[in-house]
Amino acid sequence: MPFSLATHARLIGDNLFAGYDARHVLNGVNLAVAEGKLTVLLGPNGSGKSTLLKTLARTLTPSAGHVYLDGKDIHHRNTREVAMQLGILPQGPVAPEGLSVKQLVSMGRFPHQRLWRRNTIEDATAIREAMAFTDVTDFADQSIDTLSGGQRQRCWIAMVLAQQTDLMLLDEPTTFLDLKVQVDLLELLSRLAHERGRTLLLVLHDLNLAAAYADQLVMMRDGHIVTSGTPNEVFTTHNLKRVFDLDAQVIQDPETNRPICVPRKRHQVITESCLFAQEHSVL
């Protein structure tokens, strides 16, 4: 049975092969995005995380395999129809110079608008609620250019929220932000999943933040999914080594029971390996 038929998730990647020109990046990836959860894609640079996200978002066409949205091949569906169901925030989005926050958030309403139906009460309500949820209402009339990195990122998330989709894909939304700002954004995205029932798929680089906030982790390497599951299932010393080639201890946060990665110093790893070898040579 094809992977797509073996699950009832709304967004599914079935045996995906994709890349750029003649270079394959994804090699037979199967993924069902858990509904109403915050799922995080993890992996070293070049592992295929962003390529998988782009393929699921229909911005990159797979050379083989299929992406299904509500049981239909996403690459055979109308663009506006898809945009009413799937919101996308790419890595490092750029707004036109001088655009105000409210104008940016309003762009999220484009899939719902027609020539004879613009700036309706529904649009105004969606924009207002999105700005309130992301706490950017006070910046409504300010230019995006004048805001800090964290404030700008909340505005972009507000734009996707105004789109009023149940599914949201975000590529490295916390990159280049201070730790406190990253935490605030992940708190916001976690609330979207757990309070609003949204389904989110994120690409992140910070292992500990991913383990702290994700409901599901997906670890990738060399264009394959190596392992997936809850943070406590996936975030192990063995998996960190085989996916990231990282020597680390994994401990539990006593307050949240979430796993935490503690890298081991290089000389400590070498010393322990030598001691292990010596003990076994004596035996």
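Strand S1 is joined to strand S4 (residues 64-69) by five bridges, and the two run antiparallel. Strands (E, at least two residues) and helices (H or I, at least four) are DSSP runs, numbered from the N terminus, and two strands pair if DSSP finds at least two bridges between them. The model is predicted: local features need pLDDT of at least 70, side-chain atom pairs count only at pLDDT 80 or more, and totals for chains, interfaces and linings use all residues. Residues are numbered from 1 along each chain as its sequence is written, and side-chain values use heavy atoms, with hydrogens and water left out.

**Sheet around S1**
- Strand S1 (residues 11-20) also runs antiparallel to strand S2 (residues 23-32), to which seven bridges join it.
- Gly-13 stands opposite Val-67 in S4, and its bridge partner in S2 is Leu-31.
- S1 and S2 form a hairpin with two residues between them; in the turn, Asp-21 has a positive phi of about 60 degrees.
- An open sheet of four strands, with antiparallel pairing, has the order S2-S1-S4-S5.
- Its edge strands are S2 and strand S5 (72-73), each of which pairs on one side only.

**Overall composition**
- The protein chain has 10 helices and 12 strands.
- Of its 283 residues, 46% are buried, where buried means under 20% relative accessible area, exposed over 50% and partly exposed in between (1.4 Å probe, protein chains only).
- The accessible surface of the chain comes to about 14600 Å², and 52% of it belongs to carbon and sulfur atoms; accessible areas come from the Shrake-Rupley method with a 1.4 Å probe, and for residues only the protein chains shown count as cover.
- Among contacts (heavy atoms within 4.5 Å) between residues at least 6 apart in sequence, 63% join residues at least 24 apart.

**Nonpolar cores**
- A nonpolar core is a set of buried Ala, Val, Leu, Ile, Met, Phe, Trp, Tyr and Cys residues joined through side-chain atoms within 4.5 Å.
- The largest such core has 52 residues, of which Val-40, Val-101, Leu-189, Leu-200 and Leu-202 touch the most other members.
- Helix H5 contributes the largest share of this core, eight residues.
- Apart from this core lies another, of 24 residues, including Val-29, Val-82, Leu-169 and Met-220.
- Leaving aside neighbours within four places in sequence, the contacts of Val-40 include Leu-202, Leu-204, Ala-210 and Leu-217.

**Helix H6**
- Helix H6 (residues 179-196) has 18 residues; at 1.5 Å a residue it should span 26 Å, and its end C-alpha atoms are 25 Å apart, which agrees. The expected span is 1.5 Å times one less than the number of residues.
- Its buried residues include Gln-182, Leu-185, Leu-189 and Ala-193.
- Among the elements that cover the buried residues of H6 are strand S3 (38-42), helix H4 (121-133) and helix H5 (149-162).
- Gly-197 follows H6 and has a positive phi, near 70 degrees.

**Leu-104 and the cysteines**
- Leu-104, in helix H3 (residues 101-106), counts as buried because its relative accessibility is 0%.
- Not counting residues up to four places away in sequence, Leu-104 touches Ala-95, Leu-99, Ile-144, Cys-155, Trp-156 and Met-159.
- The C-alpha atoms of Leu-104 and Met-159 are separated by 6.4 Å, although these residues are 55 apart along the chain.
- Cys-155 is buried, with a relative accessible area of 0%, and Cys-261 counts as buried at 6% relative accessibility.
- The structure holds zero disulfides (pairs of cysteine sulfur atoms within 2.5 Å).
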